[in-house]
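Subject: Structure handover

Hello,

Here is the structure you asked about. My notes on it follow below.

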Amino acid sequence: MAGGIREQHGDELSENHEINVTPFIDVMLVLLIIFMVAAPLATVDVNVDLPASTAKPAERPEEPLYLTVKEDLSLNIGNDAVQREQLAATLDRVTEGKKDTRVFLRADKAVDYGQFMEVMNLLRDSGYLKIALVGLETLPAPAAPATAPAGGAPAVPPPAAPAAGGNP
């Protein structure tokens with residue numbers, strides 16, 4: 001009990017050795033409810049289109065090394081087709097054994113993310129850790145006009161330029 005009935009009417013009060021935990025429990029229950037409501041809001045459940053970027057393009061070397069994953073999952077180094085089993089040997093031949101060469105990896109939009117990660121793992125297993133992902137650079141979309149353009153034709157988006165970005 002938090003308070004007691006005074007049996008003595010003197011100026012001296014008796015000490016109470018009990019801790020009142022009711023306010024503490026009330027605060028904890030309020031925090032529990034707040035976290036239960038806020039936790040689902042912290043999860044990411046948004047559909048995104050990853051290949052386009054508005055980031056500033058990274059500077060390209062004079063002769064970039066492009067590894068391309070086509071829609072049929074075939075690989076090309078530059079313009080030359082290469083088998084997955086021969087990827088490490090071909091990269092070593094093209095880069096003259098320089099494992100610190102940046103490899104610009106680009107893939108068709110239809111390539112499955114798992115297949116794309118397999119190619120990145122092939123690069124990593126071959127010793128090439130500097131991988132730059134290549135996408136199309138797009139301009140930020142302007143606010144949509146309330147009415148359609150004159151003539152009823154849909155507006156044409158600006159042309160996209162290739163961009164490169166990746167890890168150091």
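N76 counts as buried because its relative accessibility is 12%. Buried here means under 20% relative accessible area, exposed means over 50%, and partly exposed lies in between (1.4 Å probe, protein chains only). This is a predicted model, in which local features need pLDDT of at least 70, side-chain atom pairs count only at pLDDT 80 or more, and totals for chains, interfaces and linings use all residues. Residues are numbered from 1 along each chain as its sequence is written, and side-chain values use heavy atoms, with hydrogens and water left out.

N76 sits in strand β3, residues 75–77. Helices (H or I, at least four residues) and strands (E, at least two) are DSSP runs, numbered from the N terminus. Setting aside neighbours within four places in sequence, N76 contacts Y66, L67, T68, K70, A81 and V82. Contact means heavy atoms within 4.5 Å.

L75 has its own set of partners. Not counting residues up to four places away in sequence, L75 touches L67, T68, V69, D80, A81, V82, R84, L87 and V119.

**The chain as a whole**

The protein chain has three helices and seven strands. Along the sequence they run α-β-β-β-β-α-β-α-β-β. Of the 168 residues in the chain, 16% are buried. Take the contacts with a separation of 6 or more: 69% of them join residues 24 or more positions apart. The accessible surface is about 13,500 Å², and 59% of it belongs to carbon and sulfur atoms. Those areas come from the Shrake-Rupley method with a 1.4 Å probe; for residues, only the protein chains shown count as cover.

**Helix α2**

Helix α2 covers residues 87–95, and L87, T90, L91 and T95 are buried in it. They span an arc of only 120° around the axis, so they lie on the same side of α2. That arc is taken from the directions from the helix axis to the C-beta atoms. The buried residues of α2 pack against β2 (65–69), β3, β4 (80–82) and α3 (113–125).

T90 is part of this helix. T90 counts as buried because its relative accessibility is 13%. Beyond its neighbours within four places in sequence, T90 is in contact with I77 and V82. Just after α2, E96 takes a positive phi of about 60°.

**The nonpolar core**

A nonpolar core is a set of buried Ala, Val, Leu, Ile, Met, Phe, Trp, Tyr and Cys residues joined through side-chain atoms within 4.5 Å. The largest one has 17 residues. Those with the most contacts inside it are L67, L75, I77, L87, L91, L105 and L123. Two or more residues each come from β2, β3, α2, β5 (103–107) and α3. The largest share, four residues, comes from α3.

**Salt bridges**

How many salt bridges does a search of the whole structure find? It finds two. The criterion is a side-chain nitrogen of Lys or Arg within 4 Å of a carboxyl oxygen of Asp or Glu.

- K99 pairs with D92, with the closest N and O atoms 3.0 Å apart. K99 counts as partly exposed at 35% relative accessibility. D92 counts as partly exposed at 29%.
- D125 pairs with R124, with the closest N and O atoms 4.0 Å apart. D125 is exposed, with a relative accessible area of 61%. R124 counts as partly exposed at 48% relative accessibility.

Best wishes
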